[in-house]
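Below is a short note for a colleague who has not seen this structure before. Please read the points beside the model.

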Amino acid sequence: MKNTVICLFLSTLLLTGLTTFAQTGKKPELITKEIFKQKVWNYETSPNEFKYLGDKPCVIDFYADWCGWCRKIAPFMEELCNTYDGEVYFYKINTDKDKELQGLFQIKGLPTVLLVPAKGEPTSIRGAVSKEQYDQSIKQVLLQKQ
């Protein structure tokens with residue numbers, strides 16, 4: 001009985017530590033239309049030309065809570081957010097709450113991930129792909145690394 005109590009105590013301690021560790025990682029920032037206009041592109045003042053407002057490239061994950069594939073790639077985005085912390089901004093947009101942004105980029109399927117370089121036009125990855133494919137795209141499109 002004593003060994004069982006000790007094992008339970010140690011297991012709880014370990015799980016608490018792992019949970020705390022997992023929660024300290026950086027996550028993509030959930031943004032709304034108003035924040036998008038401040039940080040990414042104010043399409044109302046510049047409707048005919050995409051003018052990125054950020055000082056570093058960004059990744060925008062268009063998702064919905066009900067989308068299984070969106071939930072599948074969410075951990076990839078969190079890992080990449082930590083990998084590229086300081087080099088690339090990571091944002092999430094809930095398409096159920098921000099239909100205007102969904103329409104602006106003609107998002108018809110989820111997940112759709114938009115890669116926005118510091119200069120130039122955004123490109124998109126439609127559908128779920130592997131973490132390695134997202135990583136490679138970030139390196140090539142946003143950071144111009146091979």
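1. Setting aside neighbours within four places in sequence, I60 is in contact with F36, V40, Y91, I93, T112, V113, L114 and V116; contact means heavy atoms within 4.5 Å. The model is a predicted one, in which local features need pLDDT of at least 70 and side-chain atom pairs count only at pLDDT 80 or more, while totals for chains, interfaces and linings use all residues. Residues are numbered from 1 along each chain as its sequence is written, and side-chain values use heavy atoms, with hydrogens and water left out.

2. Apart from this lies a core of 16 residues, among them L80, Y84, F90 and L143. A nonpolar core is a set of buried Ala, Val, Leu, Ile, Met, Phe, Trp, Tyr and Cys residues joined through side-chain atoms within 4.5 Å. Buried means under 20% relative accessible area, exposed over 50%, and partly exposed in between (1.4 Å probe, protein chains only).

3. The largest nonpolar core has 17 residues, and F36, V40, I60, F62 and F105 have the most contacts inside it. At least two residues of this core come from each of strand 2 (58-63), strand 3 (89-94) and strand 4 (112-116). Strand 2 gives the most, with 3 residues. Helices (H or I, at least four residues) and strands (E, at least two) are DSSP runs, numbered from the N terminus.

4. The protein chain has 5 helices and 5 strands, in the order α-β-α-β-α-β-α-β-β-α from the N terminus. Of its 146 residues, 37% count as buried.

5. How do helix 3 and helix 5 meet, and what is the angle at which their axes cross? The axes of helix 3 (residues 68-83) and helix 5 (residues 131-142) come within 10 Å and cross at roughly 40°. The two helices are therefore oblique to each other (under 35 degrees counts as roughly parallel, over 145 as roughly antiparallel, 65 to 115 as roughly perpendicular, and the rest as oblique). Helix 3 contributes I73, F76, M77, E79 and L80 to the contact, and helix 5 contributes K131, Y134, D135 and I138.

6. The peptide bond from L110 to P111 is cis, with omega near -10°. P111 lies in the loop between helix 4 (99-104) and strand 4. Q106 is found in the loop between helix 4 and strand 4 and has a positive phi of about 50°, although it is not a glycine. Q106 counts as exposed, at 55% relative accessibility.

Key:
Axes fitted to C-alpha atoms, helices over the stretch in contact; angles between N-to-C directions.
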